[in-house]
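Here is a guided reading of one structure. Please look over the sequence and the model before reading on.

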Amino acid sequence: MKYKSVFDIIGPVMVGPSSSHTAGAARIGLLGRKLFGHTPDHVDIHLYGSFKDTYQGHGTDVALIGGLLGFDTDDSRIIKAKEYADEQNLRTNFILHEEERSHPNTAIVDLLKGDDRLKIEGISIGGGKIELVSINDYEINISGNYHSLLVFHKDTFGTIARVTTVLGNNEINVSQMNVSRKEKGDIALMTIELDEEISEAVIQEVENIDGVERVIEMADD
Amino acid sequence: MFNSIAQLIDMANSENKSISEIMIEQEMRVSKRSYLEVYQDMERNLDVMQNAVDEGIGGVASKTGLTGHDAVKMKKYIESGKGLSGDMNLLAIAYAVSTNEVNAAMGKICATPTAGSAGVVPGVLFALNEQRDLSKEDMVRFLFTSGALGFVVANNASISGAAGGCQAEVGSASAMAAASLVEAAGGTPEKSGHAFAIALKNMLGLVCDPVAGLVEVPCVKRNAAGASNALTAADMALAGIESRIPADEVIEAMYKIGLTMPSALRETGRGGLAATPTGNRLMQEIFGDE
């Protein structure tokens, strides 16, 4: 089930006017910032479908920028997010697309700072709830009922076994696992859904595994 | 977790509990939090709703000027004593409009289930409170009941105007509010289910056609209609009137109607009222030729 909490329905507390186009947009920005790990210098924001058609009226643009700056859905600074972005030297560029994506409320956020780059595709499914569709063009398939680890790793033999061994040694049970790659021998993405929460120490251990490039923990907010 | 209205009502009956209690207990299990923590979160949401109602009744307007100050007009009209429908209905309209005027002005609101439909549930709740002087706990429970019904809609259909039209937003909100009204008035879980089904049926097919893509016209007034419709459905269910079509099938019908709705009528600002001569002119005035 997509919605798990009563507070997905009665909530969030937010700055108007739209839960999907304002609060959801802020959450896509926030998720981008969280996964990126810091404030970017430059962000290209691609809008599709209803996001593209109505972003001005809904404050989707300022909400996305606000989220990228770390403002939550109920933070009134969202209204003046463009001014705060100028203060923090965050440049944003909005690109509108006619093409249709999987969901009418889609935003692709491409974050840059120096050599660091992260691109996420988020969809806003209603009531402020969002889902992550892809990271760096790797499709993400998370059912959403569990804690998940996203492990970017070199596409060579043995890496997957080494990761699952670390989890097993720490008595962490895997409920579902999926590996995707763009080209053989390139970087691949392991999506691992877990039955229980994972500690910082175990994440660190996974990060230290030979062949692992980057680990991202996904948990419900 | 319950996944249908029928299951929700069964659980309430077999455990001899109200819908709000079933919702609170599920939330405690899912979030692994205590009763007090879950309760207090909802109490905070209630406080946000109260503040929004107060702010709107005091008079607010959006940046574009398309909406605002209508809650003030309603309040004066109620005070004049010349209203056609009863005070409860008029108050619900005033508070629903009030909340959505605050939303349109980018003020702080609580999505129920969405921001565009955030006036309906608080509208009837604060109106009921004035008539029946509810305890704060009753008011918090009212929101859990609404949440339980909305939870089923969100997981089986949609609460997004872009996906399902306004029926998914104001329609869902109106049905949620109707079920809560019945529980607050002492009705059984079955009667809440009928009120929910009747309210949602009356909103089927409603399109999302916001002028200039703003959550203003017709959204604010549709929240008033959603609140009135909730009161109508709740009174009918409390009178013993039943929905011929079961609540879960109404949800499924709404979902399928949403799937067949053209995208011009799903929150793109390209069809319906948005595409009328006046709708187009307003858009020009607000955004120019962009």
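The paragraphs below go through strand pairing, the contact between two chains, and a pair of helices.

The model is predicted. In chain A, strand β8 (residues 147-154) pairs with strand β10 (residues 187-194) in the antiparallel sense, over eight bridges. Within this pairing, Phe152(A) has Leu189(A) of β10(A) as its bridge partner. β8(A) is also joined to strand β11 (residues 212-218) of chain A by six bridges, and these two strands run antiparallel. Here Leu150(A) stands opposite Ile216(A).

Strand pairing also links the chains. Strand β1 (residues 13-15) of chain A and β1(B) run antiparallel and are joined by three bridges, with Met14(A) opposite Ile109(B). The contact of the chains takes 37 residues from chain A and 49 residues from chain B. On the side of chain B, the elements giving two or more residues are α2 (19-31), α3 (35-58), α5, β1 (108-110), α7 (136-156) and α8 (161-164). Of these, α7(B) gives the most, with eight residues. The side of chain B that touches chain A has 25 nonpolar, 18 polar and six charged residues.

Within chain B, the axes of helix α4 (residues 70-80) and helix α5 (residues 87-104) come within 8 Å and cross at roughly 160 degrees. Angles over 145 degrees count as roughly antiparallel, and α4(B) and α5(B) are therefore roughly antiparallel to each other. Their crossing is left-handed. Among the residues that meet are Met74(B) and Ile78(B) from α4(B), and Leu90(B), Ala94(B) and Val97(B) from α5(B). The residues of this contact divide into eight nonpolar, one polar and four charged.

Definitions and conventions. Residues are numbered from 1 along each chain as its sequence is written. Chains are lettered from A and ligands numbered from 1 in the order in which they are written. This is a predicted model: local features need pLDDT of at least 70, side-chain atom pairs count only at pLDDT 80 or more; totals for chains, interfaces and linings use all residues. Axes are lines fitted to C-alpha atoms, for helices over the stretch in contact, and angles run from 0 to 180 degrees between N-to-C directions. Helices (H or I, at least four residues) and strands (E, at least two) are DSSP runs, numbered from the N terminus. Angles under 35 degrees count as roughly parallel, over 145 as roughly antiparallel, 65 to 115 as roughly perpendicular and the rest as oblique. A crossing is left-handed if the near helix is turned anticlockwise from the far one by less than a right angle, and right-handed if clockwise. Two residues are in contact if their C-beta atoms, placed from the backbone, lie within 7 Å. Ala, Val, Leu, Ile, Met, Phe, Trp, Tyr, Cys and Pro count as nonpolar, Asp, Glu, Lys and Arg as charged, and the others, Gly among them, as polar. Two strands pair if DSSP finds at least two bridges between them.
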